[in-house]
Amino acid sequence: MVKPILLSLVINLLYCFSFGQTPIRFDGSVVDNKNKPVIGARVLLKSLNKADVSNAQGDFSIDDLTQNTFVIEISCVGYETLIQRIELTENKKYIFQLEAALVKLDGVVVEGNYVELKKEKTSLNIEIVNDDYLRQNLGGSLMKSLERLPGLSTIDIGSGQSKPVIRGLGFNRVVVVENSIKHEAQQWGADHGLEIDQYAIDRIEIIKGPASLMYGSDAIGGIIDLKNKTVPKENTFGGSVDLSGKTNNDFIGSSVSFFARKKDFFATVRATILDYGDYRVPTDRVAIYSYYVPLHNNQLRNTAGNEQNLHTSFGLIKDRFKSTFYISNVHTKYGFFANAHGLEPRNVDRSVHDQSNRDILYPYQEVNHFKVINKSMYNSKNWKFESDLGYQRNYREEWSQYAPHGYMPAVFPKSLDFNPELERQFEKDIYSVNAKLFYNASDKTQVSTGINAEYKENNIGGRGFIIPAFQHLNLGSFLVAKYNYSKKSLFQAGIRYDHGNVNVSSYNDWFVSPNYENGDTTQVYLKRADDISRNFSNLSWSIGYNFNPDNWTYKFNLGKSFRMPIAKELAASGVNYHRFSYEVGNAGLSPEVSYQLDAGVEYHAMKFAVGVSPFLNYFSNYIYLNPTSRYDRLYGFGNQVFEYTESEILRYGGELHAHYEASKQLRFGFIGEYVYTEQLSGPKKGYTLPFAPPASAILNVKYQKPYFKFVTNAYLSLDYKFTADQNNIVPPEVTTDGYQVFNFSLGGDLVMHNQKISIAMQVQNLLNSKYFNHTSYYRLINVPEAGRNFIINISIPFMGNLKHN
């Protein structure tokens, strides 16, 4: 009896030994409940700490296994995590099916493959990125971090501030939305950035083309919709510590967040501190018109800055109701390039400015943006109601040494009640209300309707004048319907009515100037702006169609939108010291009216995808600053006069993107964009518009490995960006040569003592190339783009469970 038992044990031991000596491979696929491949699912063998990520076909493979029994964990955003114990069988491919995670706490169903579903449900061209993308492409500002996306560019103001441009349209034609409330500041200024903390953003959705039906008239060019961190899971706490550094301007930054949720109540808090010095360019001098300015250590003097931000949110979640308060304060202080502000770039004491690259001297601006938002939601079986209430206060001061221009007194009068060094001051209060109702009329028909109201009051101060104080009221209502012909086709149509009122206050100089009339000369306080009251109204509409057969996606959208003139366009009258120009408004301007056709075709195969998004756009009366042949003689030394005027505009272009997956680890990509603009009427007929972006493309190669020694989700990426010459300009712009630049990035996740640490590193402008960006704020004075920049971002998340009551 003993011999058979011993023989059996020996045979089993020999089998196990031989099996362990021959490495085996675990092959499988991950699919959803419709048996479609799930891309990007992480497959982890828990006991072995080996992992892989499913490819475009949902396939994964894990090699060099020395045992055949283990616990597998499969996770993917938007799906329930699957944990299963399996025993490998030779020559068998395993298929694992994930269930979509349905989250109904806030009345919205969040399913797997969020990006694909979102794109299928709208006829507009849309791009969606998450916080991983932002960390891997961290720029000097949030908008700069998005510049790699097709169709999106920026107007940069130094290294820390930038404004978004979508398909060549920017300023008040692009709306930035945070937590469903339109971000309102001083968007009219080319030197005014956005007061947004990019560390607080979890997801961004960019709509290219008119989106005014839901967001109002300023969305004539597109929408950048910022989403803050999602609601924490029940009975959890956690947060993150983010650390960032950049070599070009000696940037250091830290952002710390904490969240907690106890059953129905949750709260979050985040604090961010940033500090940076003067940024470097790959040249030792710049030519400001006819004068060469030497640069100390290749640094643009006085472009240092700092930022302090504080955010908190708290809310209540019930089965059918959710209400959240968001409170934030963003404070920034940063300098202007000292040789590019004012009327005389030579009058800069370089010895003072060059003592330190971190001090902020005159000229500089300081901005504080305070925001309170309440977002509430109530949902029933077939309908959902949302309300958004917002208050914002934007306070901006621009400081520079007092220098008399024109007929300003040589010595500042002590009788005036403002600081002579305060060049300009803007104080803006904004009140916003949105109410939206979403109704599922049937399985195939969804209807949404709503109203928007916004009141803005802007007061001014300081010794300089460019725009008057104003009040601006916007009222709008919309109706949008969607009809699903089938699971693969969607028809969408909508209509919107807007009414607005702009009241501008008159303004007189605080100093006297000579007035010549009938041979007599008198000293008068010249009137720079009259009292103006204008009412605007318009009807907008949109119609679109989506068709999604198998591996194809077709989109079509045709619409009319409009934008009412802002106070600066109606009543500006002052020197822009950054552009050496005198800007004059036009009280008789009409609202802009735009017609646009958008289309899109995408094809997705097993290892290949390609898409094209063309557009055609016509403005019957586009508003822009037109340079004239006149020069100002009252407020400076002969600044060229620019007047706001209207012109018919034709625009067309589009974006092209493609990628090819050579293997599970290696991927090649291409992104291209092109915009053509021509004025069809007016004094600059045949010319383009200011800040027209040149054609550009990005070639990318990316290598990813889910498990590489002690690093998970490891990646290496190289971008080669080439930009065409921009010879299609409007004076006083100058032509800009094309350029090529390389950007490199790598990163991954480390696990140390069960603590995850995410690291993302970049080298921007790898070869330290000298080039000019046609849409840069400093392009007019021949300042090149920043030189080589090493960037590192470290994110340390933490999370735990709270005890149940």
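Modeller: Let us begin with strand S36 and strand S37 (residues 608-631), which pair in the antiparallel sense over 9 bridges. Two strands are said to pair if DSSP finds at least two bridges between them, and the strands themselves are DSSP runs (E, at least two residues), just as helices are runs of H or I with at least four residues, both numbered from the N terminus. Within this pairing, Gln 596 stands opposite Asn 617 in S37, and the two strands form a hairpin with 3 residues between them.

Before going further, please keep in mind that this is a predicted model, in which local features need pLDDT of at least 70 and side-chain atom pairs count only at pLDDT 80 or more, while totals for chains, interfaces and linings use all residues. Residues are numbered from 1 along each chain as its sequence is written, and side-chain values use heavy atoms, with hydrogens and water left out.

Strand S36 also has a partner in strand S33 (residues 552-563): 12 bridges join S33 to S36 (residues 592-604), and the two run antiparallel. Here Ser 561 stands opposite Ser 594 in S36.

An open sheet of 4 strands has the order S3-S2-S5-S6, with antiparallel pairing. Its edge strands are S3 (50-53) and S6 (82-87), each of which pairs on one side only, and the twist averages 20 degrees from one strand to the next; such angles, which run from 0 to 180 degrees, are taken between the N-to-C directions of axes that are lines fitted to C-alpha atoms, for helices over the stretch in contact. In this sheet, strand S2 (residues 42-45) and S3 pair in the antiparallel sense over 4 bridges, and Leu 45 has Lys 50 in S3 as its bridge partner.

A further open sheet has 3 strands in the order S4-S1-S7, and its pairing is mixed. Strand S4 (59-65) and strand S7 (94-97) stand at the edges with a single partner strand each, so one side of each is left without a neighbour in the sheet. The twist here averages 25 degrees from one strand to the next. Strand S1 (residues 24-31) and S7 pair in the parallel sense over 4 bridges, with Val 31 opposite Gln 97 in S7.

We can now turn from the strands to single residues, some of them in the loops. Asn 765 lies in the loop between strand S43 (755-764) and strand S44 (789-801), and its phi is near 50 degrees, a positive value in a residue other than glycine. Asn 765 is buried because its relative accessible area is 3%, where buried means under 20% relative accessible area, exposed over 50%, and partly exposed in between (1.4 Å probe, protein chains only). Asn 297, in the loop between strand S19 (291-294) and strand S20 (305-317), likewise has a positive phi, near 55 degrees, in a residue other than glycine, but Asn 297 counts as partly exposed because its relative accessibility is 49%.

Asn 235 is found in the loop between strand S14 (222-228) and strand S15 (236-246), and it counts as buried because its relative accessibility is 7%. A polar atom of the side chain of Asn 235 lies 3.3 Å from the backbone nitrogen of Lys 263.

In the loop between helix H6 (350-353) and strand S22 (364-379) you will find Pro 363, which a cis peptide bond joins to Tyr 362, with omega at about 0 degrees. Val 433, by contrast, has its place in strand S24 (residues 422-440), and it counts as partly exposed because its relative accessibility is 38%. Val 433 and Leu 389 are 44 residues apart in sequence, yet 4.8 Å apart in space from C-alpha to C-alpha.

How values were computed: A polar contact is a pair of N or O atoms within 3.5 Å; within protein, one must be able to donate a hydrogen and the other to accept it, and residues adjacent in sequence count only if both atoms are side-chain atoms.
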